[in-house]
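I opened the model to look up the ligand site first, then the sheet, then the confidence. My notes follow in that order.

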Amino acid sequence: MVPRTTVICSGPPPSAYKSTPNLHYMRGEPPIPPDWTHYISTSFNRLFLNPASGCEGKCRYCYIYDFGHGTHSKLFETPLTDLVSWIENAVEIIKGRNGFLFSIGSSCDPFEEAVVHKTIDLIEAIAPFENPIQVSTKFALGEPLVDRLCSALRYKNQLVLFGTVTTFDHWKRFEPGTRPPDERLDTLQRFGTREVPTCIAIKPYLPSVAGNELQRFLKEIKIRNIGSVLVGSLYANQKLLKRLRSDPFSANSFSEADCHIGTRPPPSKTHDIQAKMGDVNLGNAALEAISFFSEQGVPAFHSAPCVSAYFSQTLCATGVWRYLPHLCVKCNVSCEKRFHDQHFGGGLIFPRKVEGLLAHE
Ligand code: SF4
């Protein structure tokens, strides 16, 4: 095991923040139309947008299949003009560069062949809001569609592309319906050459699998000039853990003794997923991997919103340092200091984002 050197913030947010009454705004969350709940959800300064429900990837560790999402994607059929109007009119959704994080791909794969055109239409529709956008995929995209997608973006760093790779050696076993990792990394490279920030997402991090491949990950990151790495948690319930424990490659990482299901729910609220799943506590394994990459000069994170914050050098939209401090790797964005300066110093650099964060007090 590599030594752990990453410093993780701990403890609750300073009570002084909570005792400043005039800066509390109760925005709440916008009501989602009932027939959109498979596709759209909001949580904590984040809007999850899915161009489809379901995924043909059939990843063994994926939770979406237990919640009504199939192995074939079903497109979001509502006209995108209706979605745009809904966003425009939802006062709860903070617009603009310092507003909500728009995340695409929590209950589908946006680059799956049957979905990708809808995804690009969606990005073309929402990019004018200028909110930061994240897309995560285990599929691949060729040059013409990469060009089309990039031309929809409104400013440098508006989009961060996450290419998820959990294993090079055993992907067929764990992710039978996806594209090979090399193709996913080719796609990251294509975006990278167009100056779109990229992240290789080892999510979920399976210690007995990816933990044995860290040098390979590092090599690919360096060769392909990938901008960052995410070492993410596994979301699971007992049924899913049982499935992973029955696989010889992952069984050792998910014994009763070594991990337990925590209280932090996955971000997507679609189909009541939040109430039924939790993040699996992997002990120090993920933190050790983060330290490994950090020591090799690769920006490494535990939470996806931090990756966007890092590339745009702006306050983390979901307040990771504040509300999930065990996931904050104390990167150079220095959110705690920025928030403090903003809140108490009157700097007004991120007024709307701070307002959104305070709404969650
Ligand atoms: S972006 Fe902010 S919350 Fe995230 S790791 Fe960096 S300092 Fe911590």
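Which residues are the closest to the ligand, and how many surround it? I looked this up in the predicted model and found 13 residues around the ligand, with Cys306, Trp321, Cys328, Cys331 and Cys335 as the closest. Two elements, α11 (304-312) and α12 (320-323), each give two or more residues to this shell. The most come from α11, which gives 3 residues. I sorted the shell by type and got 11 nonpolar residues, 1 polar and 1 charged.

Next entry: the sheet. I traced 8 strands in an open sheet with mixed pairing, in the order β1-β2-β5-β6-β7-β8-β9-β13. I then checked β7 (residues 159-164) and β8 (residues 198-202), which run parallel and are joined by 4 bridges. In this pair Phe162 stands opposite Cys199 of β8.

I came back to α11, and noted that it lies across β2 (46-49), β5 (101-104), β6 (133-137), β7, β8, β9 and β13, at about 135° to β7.

Last entry: the whole chain. I counted 14 helices and 13 strands, and 47% of the 361 residues are buried. Mean pLDDT is 84, with 82% of residues at 70 or more. Over residues 1-26 pLDDT stays under 50, and the model has 39 contacts beyond four places in sequence for them. Where pLDDT is low, predicted coordinates should not be read in detail.

Key
Residues are numbered from 1 along each chain as its sequence is written. This is a predicted model: local features need pLDDT of at least 70, side-chain atom pairs count only at pLDDT 80 or more; totals for chains, interfaces and linings use all residues. A residue is near a molecule or strand if its C-beta atom, placed from the backbone, lies within 6 Å of it. Ala, Val, Leu, Ile, Met, Phe, Trp, Tyr, Cys and Pro count as nonpolar, Asp, Glu, Lys and Arg as charged, and the others, Gly among them, as polar. pLDDT is the predictor's confidence in each residue, from 0 to 100. Two residues are in contact if their C-beta atoms, placed from the backbone, lie within 7 Å. A residue is buried if 20 or more other C-beta atoms lie within 10 Å of its own, exposed if 12 or fewer, and partly exposed in between; C-beta atoms are placed from the backbone. Two strands pair if DSSP finds at least two bridges between them. Axes are lines fitted to C-alpha atoms, for helices over the stretch in contact, and angles run from 0 to 180 degrees between N-to-C directions.
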